[in-house]
Amino acid sequence: MVNHYKKMDKEEFDYEVVTLIKKGKSTIQDISIIEGIYKDYVLLKNGYLTSILQVSGINLDLLAEYEQNRLFEDYGSFLMSQVHDQLQTISMTVPVDFRSYNLGWKKRYLHELENKDNTGNEYKRALITSYIDHFQGIRMKDEMSTKQHFVVIREKMNKRTFQDLERAETIKGGGNDKLPAIHF
């Protein structure tokens, strides 16, 4: 939901679409906050080169105390290295993607059909078919979800030049090969 009463501040992550609509712009491209895409980054109209990193979650209860402490120290050092930046973390619930899992069952079913004369086990094929149907139903109804975690990093661009794009990319990791492994 867009806040209609807040003035646009280019130092924040929020970029109000309302200000563009008030200017009389009407196309999706005009009201989009995205200006373009450069390699693995998104260039925003407010002058930031932004990247979203998907990070994996860790169950801290399963770790020993010294492992937890080391994890907190690593995360603390990452936060300190980003102290001059505005780091944003996002956790969201998303549906579980069963496509590859269901595809494995479909391949297994086709394999069983090819070997129909050799095995002759109709009950096994029926069971595999029921698995395919069950997991496809869950996927279609989005009945199962999981938590995904993301870290949003950004770098202010001074000018809208190709050289400044390369500079901002180098500062933010040059293709993310300099970024530490982050776990939540």
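These exercises work through a predicted model of one protein chain.

Residues are numbered from 1 along each chain as its sequence is written. As the model is predicted, local features need pLDDT of at least 70 and side-chain atom pairs count only at pLDDT 80 or more, while totals for chains, interfaces and linings use all residues; side-chain values use heavy atoms, with hydrogens and water left out.

**Exercise 1. The chain as a whole**

Find how many helices and strands the protein chain has, and in what order the elements run.

Solution.
- Step 1: Helices (H or I, at least four residues) and strands (E, at least two) are DSSP runs, numbered from the N terminus.
- Step 2: The count comes to 7 helices and 5 strands.
- Step 3: From the N terminus, the order is α-α-β-β-β-α-β-α-α-α-β-α.
- Step 4: Of the 184 residues, 25% are buried (under 20% relative accessible area; exposed is over 50%, partly exposed in between; 1.4 Å probe, protein chains only).

**Exercise 2. The length and sides of helix 4**

Check the span of helix 4, then work out which residues are buried and where they lie.

Solution.
- Step 1: The expected span of a helix is 1.5 Å times one less than its number of residues.
- Step 2: Helix 4 covers residues 99–114, so its 16 residues should span 22 Å. The end C-alpha atoms are 22 Å apart, which agrees.
- Step 3: Asn 102, Trp 105 and Glu 112 are the buried residues of helix 4.
- Step 4: These residues cover an arc of only 70° around the axis (taken from the directions from the helix axis to the C-beta atoms), so they sit on the same side of helix 4.
- Step 5: Arg 99, Ser 100, Lys 107 and Glu 114 are exposed on the other side of helix 4.

**Exercise 3. Helix 4 against helix 6**

Describe how helix 4 and helix 6 pack.

Solution.
- Step 1: Two packed helices are described by the angle between their axes and the distance between the axes.
- Step 2: Helix 6 covers residues 122–141. The angle with helix 4 is about 160°, and the axes are 10 Å apart.
- Step 3: That makes the two helices roughly antiparallel (angles over 145 degrees).
- Step 4: Among the residues that meet (heavy atoms within 4.5 Å) are Trp 105 and Tyr 109 in helix 4, and Ile 128 and Phe 135 in helix 6.

**Exercise 4. The buried side of helix 7**

Locate the buried residues of helix 7 and name strands that cover them.

Solution.
- Step 1: Helix 7 covers residues 162–171, and Asp 164, Leu 165, Ala 168 and Glu 169 are buried there.
- Step 2: Their arc is only 140° around the axis, so they lie on the same side of helix 7.
- Step 3: The cover includes strand 1 (34–38), strand 2 (41–44), strand 3 (48–55) and strand 5 (145–156).

**Exercise 5. Two single residues**

Decide whether Tyr 48 and Lys 39 are buried or exposed.

Solution.
- Step 1: Tyr 48 is in strand 3. Its relative accessibility is 5%, so Tyr 48 counts as buried.
- Step 2: Lys 39 is in the loop between strand 1 and strand 2. At 55% relative accessibility, Lys 39 counts as exposed.
- Step 3: Most residues other than glycine have a negative phi. Lys 39 is not a glycine, yet has a positive phi of about 55°.

Conventions:
Axes fitted to C-alpha atoms, helices over the stretch in contact; angles between N-to-C directions. Parallel < 35°, antiparallel > 145°, perpendicular 65-115°, else oblique.
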